[in-house]
Amino acid sequence: MTTSNKPWLNTYPKDVPEFINIDQYANINEMFKKPFEQFADNTAFINMGHSLTYQQLNDKSDAFAAYLQSELNAKKGDRIALMMPNLLQYPICILGALKAGLVVVNVNPLYTPRELEHQLRDSGATIIVAVTNFGDSLQQVISRTSVKHVILTSIGDELAPHKRTLVNFVVKYVKKMVPKYHLPSAISLRRALTHGKRLDFNPPKIEQDDLAYLQYTGGTTGLAKGAMLTHKNVMANVLQVFGHFGPRTAKDKEHAVTPLPLYHIFANSVSMMLMMYMGGTNLLITNPRDLNTFVNDLSKYPFTMIFGLNTLFAALINHAKFKQLDFSNAEFTIAGGMATQKHIADEWQAITGMPIIEGYGLTECSPVVAGGVHTQQQFVPAIGVPLPSTEMRIVDDNGEPLSTNQVGEIQIRGDQVMAGYWKQEAETKAAITKDGWLNSGDIGRMDEDGVFYIEDRKKDMILVSGFNVFPTEIEEVATLHPKIIEAAAVGVADDVAGERVKLIVVTNGSVSVDDIKKHCRQHLTGYKIPKVIEFREELPKTNVGKILRRELRD
């Protein structure tokens, strides 16, 4: 299917555009200039009871950009890693870095030292901004990376003075959430912002094709690879999502809730960037797993829309106090990262009155590609229709387009498609065709109305609560155990997370399930740790010795 075949446009809302104008802005910073001026006094972000207006966000990000430029001598194209949960510090730092022309490397703060080291080494990041809670992990690997400057911030640093002192004291000394670390040359973010206010900032010339992010995703080799997202890619997706979902919103009157981590591209582009473009207010949830605090925050906030995913919705609808909230302002929910289950969506709407509008995307597409039609819910396997200025089609194994209701691989073409994989020429050629089509790795079909459906995945990737888990990485870690000879990781269905990791192992001696999980926990982030472990005498293989994961899944 291409832009000339869009049957749904006949019944689509008239204010949803078919195309976007990407040429109106040279870079991401220009895209936010007008809304930041127009909505200067509006509250941009709220976190832990403290707010930040658009004027304050603009001033603080200018100060950070000036500090990076003048004091750290950061140049356009240098990579800066951001390693923190959802805090007010995140939008300040990411906007400051982009203003200075730096390339942002979003890092999961829960990464183990092994995972963190790979991302820092591969990206060549020379600067990192990290929360002190993770200083220990950084200390363990920094000497083997290119990082020259460490900027540290504590959880409560952007809060009002009295609350800042209290929160930082409780986090460090009462909850003991800050392990000891030794980073003697580290700089305080608060001090950097204070100093940056006194410095002149000289914006570099930034063009659409300049890199904005290195957004890491799973790799077939077992190591994460960086998707090169340009200013054009990110801008295009913000404008595309705004074109598709914007007519349903109250623009600058929106009060959104963002519990998904901003280091994840969905929350970054859609939750954060979209709301800033509209001038709305965004409640950042630092730890959505703390449901009591999360629900308490919601009780004090007149939210109109929530960004989330299936696992989060399931947890909230089973929380007694969530059902008692005031949903009178609530309009709709945008879901991404994984398919929303119908029974979860039905119960969510029954409780909140909000329909769930799903989006489908990939890290490589900045990330959204398709979304639900009108305001009705879309359920697996339906993923909706292409966003404005986005082409989607179904192809066979030879890359030839298929007609309606024929099953094949989904391909995507549009301005949101990445420039390629960082330092991975072969991977890039395998992912993007010569005429610009991205191979999604998802198997699907398109019906006669132009609506797309997911049928299966071509890749062996496992999708756990919206996070990509590649089997090769799990297998590589598992076989580091001295008693595991061979290992295969596959995804198995899970009622809440969508999928969970199952590990099948062949051992050379007695080893327990607990021992294997403990071993994996040392090297893998929590969502990657196998939840099911099966022992076998041998693994099924091809005649050349390749493990047959599909046979194990079946």
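Modeller: In this predicted model, the part to look at is an open sheet of 3 strands in the order β24-β25-β26, with mixed pairing; strands here are DSSP runs of E with at least two residues, helices are runs of H or I with at least four, both numbered from the N terminus, and two strands pair if DSSP finds at least two bridges between them. The edge strands, each pairing on one side only, are β24 (484-494) and β26 (532-535). From one strand to the next the twist averages 25°, where axes are lines fitted to C-alpha atoms, for helices over the stretch in contact, and angles run from 0 to 180 degrees between N-to-C directions.

Residues are numbered from 1 along each chain as its sequence is written, and side-chain values use heavy atoms, with hydrogens and water left out. Since the model is predicted, local features need pLDDT of at least 70 and side-chain atom pairs count only at pLDDT 80 or more, while totals for chains, interfaces and linings use all residues.

Strand β24 runs antiparallel to strand β25 (residues 498-507), and 10 bridges join the two; within this pairing, V492 stands opposite R500 in β25. Helix α14 (residues 471-478) packs on the sheet and touches β24 and β25, its direction making about 140° with that of β24; contact means heavy atoms within 4.5 Å. Helix α15 (residues 513-521) also packs on the sheet, touching β24, β25 and β26, and its direction makes about 125° with that of β26.

Turning to the charged side chains, a salt bridge is a side-chain nitrogen of Lys or Arg within 4 Å of a carboxyl oxygen of Asp or Glu, and by this rule the count comes to 16 salt bridges. One of them joins E473 to K528, with the closest N and O atoms 3.1 Å apart. Because E473 lies in helix α14 and K528 in the loop between α15 and β26, this pair ties together parts that are 55 residues apart in sequence. Both E473 and K528 are buried, where buried means under 20% relative accessible area, exposed over 50%, and partly exposed in between, using a 1.4 Å probe and protein chains only.

K502 counts as buried because its relative accessible area is 18%, whereas E534, with a relative accessible area of 22%, is partly exposed. Salt bridges that share partners also join R114, E115, E473 and K528 into one network.
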